Amino acid sequence: MSGHGEVVSLKIVTKSIAAVILVLSAFLIVESGLTIPLQRNSLFGLGFLVITGIALGRLCSLIGLPSLTGYLAAGVLSGGSVLNIVDHHQVDQLKLVNSLALALIALHAGSEFTVGMLKKNFKTLLWSTFFHILIIGVGLTTVLYFARDYFPFLEGLQSTMVIAIAALYATIAISKSPAAVVAILGETKIKNILSEHALGIVVLLDVLVLVVFSIAITFATSVLDPTKTFSMVILVPLVEEIIASIAAGTFFGLMIILYLWLVSTQAMLFVVAVSYGVTALCAYLHYDTLLVFVVAGFIVTNFSRQSEKMVITIESLSSVIMILFFATAGASLHLDEIIKIWPVVVGLFLARIVLTWVAEFGAHRVAKSNSSLQRYGFTPFISQAGLSIGLAVLVSEKLPQTGPAIASLAIAVVTLNEIFGPVIFKWGLIQVDRFKNDQ
Amino acid sequence: MNAILILLAIFSLTLLVSNLDFISRSKSFSFLSVPLLLGIAASPEYSLIPLLPSTRESLVWAIKVAIVWLGFLQGVEMAAQRLEKKKALQSLYYWSTFLVIAILFWVLFESVFIQKEFTTPVRVNWIIPVLFALLVFGSQISLFRTLLFLLITSYFITPTVIIPFYPIIYAVMIGVLLGFVSRMIIDPRQNLDASARLTLLGVGVLGAGWAIAMGLYEVVVGLALGWTLTFVHKYGICRDPSLRKTEQPLLFVISFFVGSYFEFDSWLFLLAGVSVLIRLLIKTLALKKEMPVLSIQEATVRALPVHPFAFVLVLSFQLWPKAGLQDSFLLSIFCVFFVINDLLSLVSEWFLQKEDKAWRLQ
């Protein structure tokens, strides 16, 4: 089964790949033989991403990998590092699609939460969140501190400075990818304790990581620049922002309920319009877009009977959205960054996996959760995507001297996490299902 | 934000007008006049609605995708049309009459307006394609008519003979290629499911991007894509009725954009009015010859409608990079022509309905 729920055969995969090769060959022939220069544009790139995504998504489904990996591979193949059909400038132009995708993903994630589910998993969610911040945060700071000789940008710095920079990097590493989690759950249609747990943690961490990151960056700035002082006052606007986001999410949730209850027709158009409108508003008011939509989805599910209509609408859009979102994410990956410093990147990638496993194992031991969660609970949290890259870019802007190097390192590790994360999560979901059946 | 508000306004007003009692019963009146007039009001020349040229240009890429999609839908329809000997002979009579009138018209303009320096020679050159365009826009549009329109209009505004063929032939080749590509990705037994929709969307966007990259006619890419896919797919997914549901909203947007490129010229009304009358006269006579039982009023009502695909063709031509955005003469005259034609439709249908009512009362 592919990401769209279709049955995939070797014949259809071969034909799809042949179709992509045909388009590519025709384009290259025209480009090389034409006297009039071709103006590459984002529309051509977008179309190519879609058909390549379909073909490679089918290929991945055939060999048992998530379709999402195929979409990412399509992006990598079309991106600046390989075929250069979609360059980084064109990826930026496709951000309009990404904002819609992120809004729909968050709305879908929010609609998966029920008050009952939160009550049932409250203890596990709390412990896991705490352990993720503590173990990955402290663990990766320690790894970077002791391995500082391998990182040229840490050379010659005082211990406090190294700790500050390492802590900043570790904060980026804490963030997860809600989009990847929702995409894999949508594709596999598996609902078990791991899926419930994964959704809860990625949403909670998405909010908390912003708080932790704000503290870390203020600390790093004050250590690296003696003219600046560290103060917890910076948390006040952040907390205000979170409260305002929850309030806005509640309002938009009620708006969706009202529309679906009173009008109901053209739900797809309405959802798309609300997604774009609210995203623009969130950017203007500096609200956390993801939190706003998650809360809106939660309100619709728990305080009305309109959830089914909304979920059907989102699911009918999701195949288009997922392919575009992940293919453009793939096209924006910086493979060249990995090649330059690959031993360090691979080391940090493995260290993060181990620490995530330790955090999840520890949390489930303390919360006395199901033993399958102790074993496979770490699998949803390997993926990283947009938020992590966003934080890395912020570091690069805030710390002009060491920031760009930290950002390059973080983006390189995120690239590996983005490629391997979905595969590991799909494997984990299947293992938990098997575990349940065996019992 | 402006653009979204404007689009919402078009939809609301069009829905409102289409629900008016008399108009909703009308068969020949086209509701596309409403967004067209709104577009004219929003054009930079009048600026009654604040649609700046920059906002309009930032939306051109989306319009080009819509053009490919509408071309695709029309291509699917055209693939179902069969060439009949009787119809071909009828249209031969119609075409030759119109050609004679067009040439006479052109000679008249050449002799009158060039001497008076009323307009530039380039604009006089436009008379043939304009008349031709109005002829082409019948109540039905075939692939042959469409290609002929594009070839002739391209020929009259480009200096060499070879160039007009380039954007059409390459566009046809790309459309055919993409049709085969769609066939390879979509299994013939497949329904119009999410995967098939996504493939069509992807291929449509790819076609639009390719046409932009090479400076081709997007509409031809769409037509060739639809025609080829229908042909190689043995109709398959192309038969799905939900495909056509996307047509009407897109046509509203397209007609609005056509209006937004309108540029006023003192003799637009003269030329458009004369064109409407000539077209109406010839078409009514042709219809009366074909079906002698029809009354003059019935034949008129049948002769008046213009196929909505005309909007797509006109806009596609306007957005073609070689046409130059400065010269929107063809488009402007089409706007006036369409509105006059629609008003005539409304009036003649009103008379017809009144007569019908009187006859029933008797």
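This section describes the aromatic pairs and the interface between chain A and chain B in a predicted model.

Residues are numbered from 1 along each chain as its sequence is written, chains are lettered from A in the order in which they are written, and side-chain values use heavy atoms, without hydrogens and water.

Over all chains, 20 aromatic pairs were found; rings of Phe, Tyr and Trp (its six-membered ring) pair if their centres lie within 6.5 Å, with planes under 30 degrees apart counted as stacked, over 60 as edge-to-face and the rest as tilted. One of the pairs joins A:Trp127 and A:Phe131 in an edge-to-face arrangement, at 5.9 Å centre to centre and with 65° between the planes. The two residues are separated by about one helical turn because they lie 4 residues apart in helix α6 (residues 115–146) of chain A; helices are DSSP runs (H or I, at least four residues), numbered from the N terminus. A:Trp127 is partly exposed at 32% relative accessibility, while A:Phe131 is buried at 13%. In these terms, buried means under 20% relative accessible area, exposed over 50%, and partly exposed in between (1.4 Å probe, protein chains only).

A:Tyr376 and A:Trp427 also form an edge-to-face pair, with 5.5 Å between centres and 80° between planes. This pair links distant parts of the chain, 51 residues apart: A:Tyr376 belongs to helix α16 (residues 371–376) and A:Trp427 to helix α18 (residues 403–438), both of chain A. A:Tyr376 is buried, at 12% relative accessible area, and A:Trp427 is partly exposed, at 42%. In chain B, ring pairs connect B:Phe311, B:Phe334, B:Phe337 and B:Phe338 into a cluster.

The contact (heavy atoms within 4.5 Å) involves 31 residues from chain A and 27 residues from chain B. The buried area, that is, the accessible area (1.4 Å probe) lost by two parts on being put together and summed over both, is about 2,600 Å² between chain A and chain B, with carbon and sulfur atoms giving 78%. Across this interface, 0 salt bridges were found, a salt bridge being a side-chain nitrogen of Lys or Arg within 4 Å of a carboxyl oxygen of Asp or Glu. The elements that give two or more residues to the side of chain A touching chain B are α1 (10–33), α2 (42–62) and α13 (307–331) of chain A. The largest share of that side, 10 residues, comes from α1(A).

Terms used:
Predicted model: local features only at pLDDT ≥ 70, side-chain atom pairs only at ≥ 80, totals over all residues.
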